[in-house]
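Please read the briefing below alongside the sequence and the coordinates.

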Amino acid sequence: HRLERELTALGVDLAVLEEGHPFHELAREGWPVVEAFLHPPTPELLAVARLPGRARTVASSLAAVLQLRRAKAAVELRNFDRTPEELRANAPGPPLPLTVVLDGVLPREVGCLLRSCEAACVSGVVLCGA
């Protein structure tokens, strides 16, 4: 089947289309497009479904929905900073006797490094350079 081939090429597990799969509910938003492709209700939609490249478009649409929904569901991957009060209240463990010195780091990398240091419970971070 063309859609299965395109989904596989995009790295989408075909089992996600089956009830009971952990990500099946996440794919629900993209399902109307898939359904219209698999079971076109009108002759016009049947003609659209038969267009070259349509399976790739439908597969890409579903893959994008899955990626977005998985990212929104992954609370542990969200990018937000905690307040000092939240850090004290939810400390994962005692701080390590370690100070990280950042020198010559690009500005766009500083936030990521600070969050990594926070997650690793380092006791301090020193920023050097311009």
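Which element of the protein has the lowest mean pLDDT, and which the highest? Helix 5 (residues 84-89) has the lowest, at 77, and helix 3 (residues 43-49) the highest, at 93, where pLDDT is the predictor's confidence in each residue, from 0 to 100. This is a predicted model, in which local features need pLDDT of at least 70 and side-chain atom pairs count only at pLDDT 80 or more, whereas totals for chains, interfaces and linings use all residues. Residues are numbered from 1 along each chain as its sequence is written, and side-chain values use heavy atoms, with hydrogens and water left out.

**Confidence**
- The protein has a mean pLDDT of 84, and 92% of its residues reach 70 or more.
- Where pLDDT is low, the predicted coordinates should not be read in detail.

**Overall form**
- The protein has six helices and two strands, which are DSSP runs numbered from the N terminus (helices H or I, at least four residues; strands E, at least two), and from that terminus on the order is α-α-α-α-α-β-α-β.
- The radius of gyration, taken over C-alpha atoms, is 23 Å, well over the 14 Å that the globule rule (2.2 Å times the number of residues to the power 0.38) gives for 130 residues, so the protein is more spread out than a compact globule.
- Along the principal axes, the C-alpha atoms fill a box of roughly 70 × 35 × 20 Å.
- Of the 130 residues, 21% count as buried, meaning under 20% relative accessible area with a 1.4 Å probe and protein chains only (exposed is over 50%, partly exposed in between).
- Among contacts (heavy atoms within 4.5 Å) between residues at least 6 apart in sequence, 70% join residues at least 24 apart.

- Not counting residues up to four places away in sequence, Leu 3 touches Val 34, Phe 37, Leu 38, Ala 55, Val 58 and Ala 59.

**His 24**
- His 24 lies in the loop between helix 1 (2-9) and helix 2 (31-38), and counts as buried because its relative accessibility is 11%.
- The side chains of His 24 and Glu 19 are joined by a polar contact of 3.3 Å, a term for a pair of N or O atoms within 3.5 Å in which, within protein, one must be able to donate a hydrogen and the other to accept it, and residues adjacent in sequence count only if both atoms are side-chain atoms.
- Leaving aside neighbours within four places in sequence, His 24 is in contact with Val 16, Leu 17, Glu 18 and Glu 19.
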